[in-house]
Amino acid sequence: VDEKYTALVTEIDATIRDVSPDLEGYISYKMLMYRLGQKRSDWLIAIDARGTKCVTLRFFKGVHFLDTEKLLRLGTTTIGNLDFTISLTETDKANIVDFTKQAIAWHAHEASVNAQA
């Protein structure tokens, strides 16, 4: 992580971890990622601080989230992103909490569907 983003990454990490103690953080693809369960491929959220312009918070199933304000920048067919360059505002934190809860709910929904199949 570029030194100029260390405090921001720490702040984003704390906001995410406050939502659910069950989220496991780990490093993969040079990003801080979060998952529920044991499989690395089941990641829900990632903090990508590899760039020099911003820190990107990635939500694996973000394209499926309720995002009435169109805050998420869609990056692929499944990922929604939030970009940050400075410390978080209270609104930023509320959005991170909301999208983290949606990521956890989406994961629970998919686990339920897969269990029934």
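I started with the largest pocket: E3 and H2 each put at least two residues into its lining. This is a predicted model, so I'm reading it as such.

**Pocket.** I looked up who gives the most to that lining, and it is H2, with five residues. The lining runs through Lys39, Ser41, Asp42, Trp43, Leu44, Phe60, Lys61, Trp106, His107, Glu110, Ala111 and Asn114. Sorted by class, I get five nonpolar, three polar and four charged residues. The space in the pocket comes to about 180 Å³.

**H2.** Next I checked the helix itself, residues 90-116. At 1.5 Å a residue, its 27 residues should span 39 Å, and the end C-alpha atoms are 39 Å apart, so the two agree. Which residues of H2 are buried? I noted Asp92, Asn95, Ile96, Phe99, Thr100, Gln102 and Ala103. The spacing made me recall that an α-helix has 3.6 residues a turn, so residues three or four places apart point the same way. For what covers the buried residues of H2, my list includes helix H1 (6-19) and the strands E3 (43-48), E4 (55-59) and E6 (80-84).

**E6.** With E4 it pairs in the antiparallel sense over five bridges, and I found Arg58 opposite Asn81 of E6. Strand E5 (residues 73-74) also pairs with E6 in the antiparallel sense, over two bridges. There, Leu74 has Gly80 in E6 as its bridge partner. I wrote E5 and E6 down as a hairpin, with five residues between them.

How values were computed:
Residues are numbered from 1 along each chain as its sequence is written. This is a predicted model: local features need pLDDT of at least 70, side-chain atom pairs count only at pLDDT 80 or more; totals for chains, interfaces and linings use all residues. Side-chain values use heavy atoms; hydrogens and water are left out. Helices (H or I, at least four residues) and strands (E, at least two) are DSSP runs, numbered from the N terminus. The expected span of a helix is 1.5 Å times one less than its number of residues. Buried means under 20% relative accessible area, exposed over 50%, partly exposed in between (1.4 Å probe, protein chains only). Contact means heavy atoms within 4.5 Å. On a 1 Å grid over the protein atoms alone, a cavity is a set of points where a 1.4 Å probe fits but cannot get out, and a pocket is an open set with protein on both sides within 12 Å along at least five of seven lines; lining residues have an atom within 4 Å of a point. Grid points are joined across faces, edges and corners, and a volume is the space filled by probe spheres set on the points. Ala, Val, Leu, Ile, Met, Phe, Trp, Tyr, Cys and Pro count as nonpolar, Asp, Glu, Lys and Arg as charged, and the others, Gly among them, as polar. Two strands pair if DSSP finds at least two bridges between them.
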